[in-house]
Amino acid sequence: MSMLKMQKISICALKKHRKDILETLQRKGVVEITDLDLQDSVFFKEETSASQASFLKSSQTAKQAAEILCEYNDFKKSMFAAFEGREPISKENYYIFVNDAAEIMRVAYEIIGFKKNINEANADIIKYEAQIESLIPWKTFELSLRFKGTEKTQAFVGTFPNLKTEGEILSEIAEINPELDGIDVNVISSDKNQTCVCLICKKEKSDKLFEAIRQMGFSSPAVDSKQPPAERIKILNERIENLKKSVDENINNIKSHKGMLHAFNFIEDYYVMRAEKYEQIESLSNTKHVFLLSGYITEQNAPELQALLISKYGAEVEFEDDFSDDAPVVLRNNPVTRPVEGVLQTYSLPKRREIDPTSIMAIFYYVFFGMMFSDAGYGIVMSLVCGFALHHFKNMEEGFRKSVKMFFYCGLSTTFWGLMFGSFFGDAVSVISTTFLGIAPEQVPQIPGLVIPVWFNPINDPMRLLMICFLFGIIHLFTGLAIQGYMHIKNKNPLFVIYDVVSWYLLIGGAILALLSLDMMKDLAGFVLPPVFLTIGGIAALIGAVIILFFSGRESKHPVKRLLKGIYGLYGATGYLSDILSYSRLLALGLATGVIAQVFNQIGSMFGSSIVAMIIFTIVFIIGHLLNIGINALGAYVHTNRLQFVEFFGKFYEGGGKAFKPFKINSKHYKVKEDI
């Protein structure tokens, strides 16, 4: 429930060591580099945008080569790839790859060239196949499609739309121009879409014939060839065969480099790392022989880094404490509450002057999630799956590992509440016992947690659970107010605790006491407080209302404005009522999970007790409960987050802290094994 102490770090070293120092900082990943712009003519900045662009281009080249390898090779990807994380690589192997970078890039360009050849060949194959398709109707034509006639005749080779016979063609020509005669029409082929023809006439009639057939829709062949169509088709088929051989050859060349995938993945990461390093160079101030670097580091990492830079590079390293809101934030929590840090970061990090609410929030988070999911069987499944993932996938990414740990603890909470409410895959034990084991319902062993609840069954007593939900909600809200009070004391404003915290305790707490002393609450709450609590609660609520009325607008000096703000502040009591009612979602989702589970059990048991019925029950049981787990786990996650973000944080949390973003290896495929 705290934040790591942050220090400003200043490094001064010889420029000849700049590359090595930056690479060391990048591998360590413990320093956030800030822009250092010294207003001094001695210092200057370096422009590195061109180098960054060059490195990113090389990274994209390696990525493209890797994608081509994956396209033509069968690289099996595990279904658990998301859990496996980046592959660790030793510093020694890192430098082996770096030394081979030029050769790896040469192979990458070669593979991209092979892919380009394949694309061009495939494009030509498509083009030639289209030409063959266009030539097939002309296959029986023994002359070139460029044939124009003889010394005394004119030939027109082309097509008419639709199906036409020689007689129909001559008839249409005669209708257009009766003077045209002696026309020789040869139909090469025809179908419902077109008719391929060769028309021959005397040269002196060629113009009139062309005008006539133009009106009939005559057009030249779609493909042009100086060879006869049959010969041209043969030539094109030979070209296609050669191109297919070229494609196969280039594919084999690509497959022969199958073992380069890891190298390409490394080079993709490597050049991204170099681009990021050169981006950081722009933040440094330089002279001809030295450079200055400024940034942030956590206090716990400072001594070891200082010792390393001094002993290895002779650098000057200085530290200075920074408690301002400009300093980045690093949270520090115990192993049980740390996984919920991701939920807090989704909302906003605390500022340096605030407290880290993760530890307190985690308690409520696990409790609320478990109450909403509230099935022991589901909780056991969730915890076993998450526990297996945590144990088996040691290399899981840190952020993802936190989420898995969070759901592991949520599973434990779910198991606890499921036992309290007597839900184990709904009423699976009772249904299986009565349906398949032939046990009478009244003789089913009353096993606490599995058949009967350890505490009570919410389905049979929902009002009781509703009151418990409201109680937890009030505790949750009052805890948020208590944190606000702590912050006032920490900021040396003790009177603000009375104005902003005690006043609401009195108003809300007093109203609740008064309400619980009314007879009408007996059916709802199951009990009624003695009448004296009506008086006590009313007085407490009145005192709280007066404090809120006169002090919630205390920042205003004008009495009228102050009073109006006080009235508006008092109106905030309706917001508390709405917040308390919001916790009824604990009841709603908890009941939904249990009822849906029971429905699937009943559906599966409808088919009797035969072997076939057992198989059907098993299928319905597995599919139904998996669906229920997926849907209601998501619902529990979303609504638990909402209760933290809206109801809890709204009482005290401001947020807006700056995340600590150290200069580190932001790689996609590999991570260098070097810890500080």
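Guide: Start with the largest cavity, which holds about 50 Å³ of space. Keep in mind that this is a predicted model.

Visitor: What makes the space a cavity and not a pocket?

Guide: A cavity is a place where a 1.4 Å probe fits but cannot get out, whereas a pocket is open. By this rule there are 2 cavities of 30 Å³ or more.

Visitor: Which residues line the largest cavity?

Guide: The lining consists of Glu-23, Gln-26, Tyr-94, Tyr-270, Met-273, Arg-274 and Lys-277. Helix 9 gives the most, with 4 residues.

Visitor: Why is Thr-593 called buried?

Guide: Buried means under 20% relative accessible area. Thr-593 has 0% relative accessibility, so Thr-593 counts as buried. Its place is in helix 22 (residues 585-604).

Visitor: How do you know that the side chain of Thr-593 makes a polar contact with Met-372?

Guide: The side chain of Thr-593 reaches the backbone oxygen of Met-372 at 3.3 Å. The cut-off for a polar contact is 3.5 Å, so the pair is within it.

Visitor: Which residues touch the most other members of the largest nonpolar core?

Guide: Val-340, Leu-586 and Phe-649 do, in a core of 78 residues. Apart from it lies another core, of 52 residues, including Ile-89 and Tyr-128.

Conventions:
Residues are numbered from 1 along each chain as its sequence is written. This is a predicted model: local features need pLDDT of at least 70, side-chain atom pairs count only at pLDDT 80 or more; totals for chains, interfaces and linings use all residues. Side-chain values use heavy atoms; hydrogens and water are left out. A nonpolar core is a set of buried Ala, Val, Leu, Ile, Met, Phe, Trp, Tyr and Cys residues joined through side-chain atoms within 4.5 Å. Buried means under 20% relative accessible area, exposed over 50%, partly exposed in between (1.4 Å probe, protein chains only). Helices (H or I, at least four residues) and strands (E, at least two) are DSSP runs, numbered from the N terminus. A polar contact is a pair of N or O atoms within 3.5 Å; within protein, one must be able to donate a hydrogen and the other to accept it, and residues adjacent in sequence count only if both atoms are side-chain atoms. On a 1 Å grid over the protein atoms alone, a cavity is a set of points where a 1.4 Å probe fits but cannot get out, and a pocket is an open set with protein on both sides within 12 Å along at least five of seven lines; lining residues have an atom within 4 Å of a point. Grid points are joined across faces, edges and corners, and a volume is the space filled by probe spheres set on the points.
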